[in-house]
Amino acid sequence: MSNHHHNAHNVPASSSSIATANSLGFFAFACTTLVFGLSTVTAGGVSQSNVVLGMAISTGGIAQMLAGMWEVPFTLFGSFWLSYAAILIPGSGIVASYPTVRELHTALGFFFTAWFAASLLVTYASLKKPTPFIVLFGFLTSSFAFLGAGEFAAVQAVTKVGGALGVVTALVAYYLAVGILIAADQPPALP
């Protein structure tokens with residue numbers, strides 16, 4: 001008996017796929033969110049988040065958007081990373097266009113509030129999914145809430161809480177990515 005399945009065009013498809021859109025999406029999300037979270041909490045004394053820029057464009061943005069062709073949340077959050085990268089690119093002039101630091105903080109507060117709202121709705125939509133999905137989107141929603149509040153209040157300690165929650169979000173995303181990769185197109189059977 002063959003170890004292959006056939007698709008609608010009767011072309012054999014291996015049952016031992018090494019990658020899925022879900023695993024790509026979760027790995028891209030986890031890597032970018034981890035670097036962002038660590039930069040936000042100024043881990044290791046790193047005070048500039050410029051290292052996030054490359055991750056936000058390629059891994060969090062493009063790779064996640066590609067995974068999003070099969071899964072809507074990845075397209076949504078891939079667009080977050082692309083838009084965040086646009087803000088960080090000095091040549092874009094976005095940050096420099098704000099006449100005061102206060103106005104920049106408020107604008108970034110709006111940005112993170114919009115992503116808080118989107119994450120909250122994705123969390124609600126995930127309530128019928130396995131628990132790790134709910135935990136992932138719950139931490140992500142909390143991260144955006146603290147990032148937005150930190151910007152509105154211009155309090156770095158609050159923003160750092162958002163970054164720390166981003167690190168936890170990344171760890172949950174890694175957990176899901178590995179589970180999905182191991183399960184190869186089946187829901188992850190993780191503890």
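Helices (H or I, at least four residues) and strands (E, at least two) are DSSP runs, numbered from the N terminus. The views below show a predicted model, in which local features need pLDDT of at least 70 and side-chain atom pairs count only at pLDDT 80 or more, while totals for chains, interfaces and linings use all residues. Residues are numbered from 1 along each chain as its sequence is written, and side-chain values use heavy atoms, with hydrogens and water left out.

**View A. S23 in helix α1.**
S23 is located in helix α1. With a relative accessibility of 2%, S23 is classed as buried, a term for under 20% relative accessible area, as against exposed for over 50% and partly exposed in between (1.4 Å probe, protein chains only). Not counting residues up to four places away in sequence, S23 touches A177, I180 and L181; contact means heavy atoms within 4.5 Å.

**View B. The largest nonpolar core.**
A nonpolar core is a set of buried Ala, Val, Leu, Ile, Met, Phe, Trp, Tyr and Cys residues joined through side-chain atoms within 4.5 Å. The largest one has 34 residues, and F26 and Y84 are those with the most contacts inside it. At least two residues of this core come from each of α1, α2, α3, α4, α5 and α6. Helix α3 supplies the largest share, eight residues. Leaving aside neighbours within four places in sequence, F26 is in contact with F74, F133, L136, A173, L176, A177 and I180.

**View C. Helix α4 and its buried residues.**
Among the buried residues of α4 are L104, L108, F111, F112, W115 and V122. The buried residues of α4 pack against α1, α3 and α5.

For the 23 residues of α5, 1.5 Å a residue gives 33 Å, which agrees with the 33 Å between its end C-alpha atoms. The buried residues of α5 include F133, L136, F137, L140, F144 and E151. These buried residues pack against α1, α3 (72–88), α4 (101–125) and α6. A154, in the loop between α5 (131–153) and α6 (156–183), has a positive phi of about 55° although it is not a glycine. A154 is partly exposed, with a relative accessible area of 40%.

**View E. T42 in a loop.**
T42 lies in the loop between α1 (21–40) and α2 (51–67). The phi of T42 is near 55°, a positive value in a residue other than glycine.

**View F. The largest pocket.**
On a 1 Å grid over the protein atoms alone, a pocket is an open set of points where a 1.4 Å probe fits, with protein on both sides within 12 Å along at least five of seven lines; lining residues have an atom within 4 Å of a point. Grid points are joined across faces, edges and corners, and a volume is the space filled by probe spheres set on the points. The largest pocket holds about 650 Å³ of space. Its lining comprises 23 residues, of which S47, S49, Y84, L108 and E151 lie nearest the centre. Helix α4 contributes the largest share of this lining, four residues.

Methods:
The expected span of a helix is 1.5 Å times one less than its number of residues.
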